[in-house]
Amino acid sequence: MSRSQQPPTPQDSVQAELARWVADMPDVDPRTEAARQRIGRMSRLFERLLAEVAADHELTAGDWAALSALQRSGPPYQASPTTLAQQLGITSGTMSVRLARLSQAGLIESVAATDGRSKPVRLTRHGQDRWRAATQQRTAREHQLFLDAFSGEDLEVFNALLGRLLGRLEGEFGQATRHDVPKDT
């Protein structure tokens, strides 16, 4: 769909507030503030979408993050609780609560430790199936959101622009965590 064929874009919440902000912050570039506000709000809305899809699959967003980390570890889809906690940037206590819930649901299982120190956990077939179904639902919803807002060409341009900004931020602050770290347990 070309730009002229797309429906008009409704005013977003940042645009609705921008004039008032600019009046209160005369030294702030309104374009920069608007872009930063939009990125932050979109991030929070994508977190909300993830939480909704997780709930549809009887998971919390944190459960999904743990299952995702195990899935990304590749065959045999296992890791120690310490490794998972470090990857997700959460405490060992939070990880323990999460793993107990996942184990009780039959989504992970403990496996024999090779070094005798930490007992790894592994995704079960049921866990992989649940993760895959939730991930397919999430990506389909996100895909539709992007299709509703952008043409294919616009999405290419948008990704290039976001990539430039992310590269600049990473150049100054280092890479952000590669995984979403939900705020629930």
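**Stop 1**

Select Arg101 and Asp63. Their side chains meet in a salt bridge, with 2.8 Å from N to O. A salt bridge here is a side-chain nitrogen of Lys or Arg within 4 Å of a carboxyl oxygen of Asp or Glu. The pair links distant parts of the chain: Arg101 sits in helix 5 (residues 92-104) and Asp63 in helix 3 (residues 61-72), 38 residues apart. Helices (H or I, at least four residues) and strands (E, at least two) are DSSP runs, numbered from the N terminus.

Arg101 is partly exposed, at 28% relative accessible area. Asp63 is buried, at 3%. Buried means under 20% relative accessible area, exposed means over 50%, and partly exposed lies in between (1.4 Å probe, protein chains only).

Before moving on, note what you are viewing. This is a predicted model, in which local features need pLDDT of at least 70 and side-chain atom pairs count only at pLDDT 80 or more, while totals for chains, interfaces and linings use all residues. Residues are numbered from 1 along each chain as its sequence is written, and side-chain values use heavy atoms, with hydrogens and water left out.

**Stop 1: two other salt bridges**

The structure holds 10 salt bridges. Select Asp129 and Arg125 for one of them, at 3.7 Å from N to O. Where do Asp129 and Arg125 lie in relation to each other? They are about one helical turn apart, because 4 residues separate them in helix 6 (residues 125-149). Asp129 is partly exposed at 39% relative accessibility, while Arg125 is exposed at 55%.

Next, select Arg31 and Asp29. Their side chains form a salt bridge at 3.2 Å, N to O. Arg31 is exposed, with 66% relative accessibility. Asp29 is partly exposed, with 29%.

**Stop 2: the whole fold**

Zoom out and switch to a cartoon view. The protein has 7 helices and 3 strands. Along the sequence they follow the pattern α-α-α-β-α-α-β-β-α-α. Of the 185 residues, 29% are buried. Take contacts (heavy atoms within 4.5 Å) between residues at least 6 apart in sequence: 56% of them join residues at least 24 apart.

**Stop 3: the sheet**

Select the strands. In what order do the 3 strands form the open sheet? The order is 1-3-2, and the pairing is antiparallel. Two strands pair if DSSP finds at least two bridges between them. Strand 1 (78-79) and strand 2 (108-110) are the edge strands, each pairing on one side only. Strand 1 is joined by 2 bridges to strand 3 (residues 121-123). Click Ala79: opposite stands Val121 in strand 3.

**Stop 4**

Keep Leu59 selected. Leaving aside neighbours within four places in sequence, Leu59 contacts Ala54, Trp64, Leu67, Leu102, Leu107, Arg130 and Ala134.

**Stop 5: a patch on the surface**

Select Ile39, Met42, Leu162, Leu165, Leu169 and Phe173. They form a nonpolar patch on the surface, with about 530 Å² of accessible area together. Helix 2 (30-56) and helix 7 (152-173) each give two or more residues to the patch. Helix 7 supplies the largest share, 4 residues. Patches are made of residues with over 30% relative accessible area and no salt bridge; like charges are joined within 9 Å, nonpolar side chains (Val, Leu, Ile, Met, Phe, Trp, Tyr) within 5 Å. Accessible areas come from the Shrake-Rupley method with a 1.4 Å probe, and for residues only the protein chains shown count as cover.

Click Leu169, which lies in helix 7. Leu169 is partly exposed at 41% relative accessibility.

**Stop 6: backbone details in the loops**

Go to the peptide bond from Pro75 to Pro76. The bond is cis, with omega near 5°. Pro76 is in the loop between helix 3 and strand 1. Tyr77 lies in the loop between helix 3 and strand 1. Phi of Tyr77 is near 60°, a positive value in a residue other than glycine. Tyr77 is partly exposed, at 21% relative accessibility.

End at Glu58, in the loop between helix 2 and helix 3. Glu58 has a positive phi of about 55° although it is not a glycine. Is Glu58 buried or exposed? At 67% relative accessibility, Glu58 counts as exposed.
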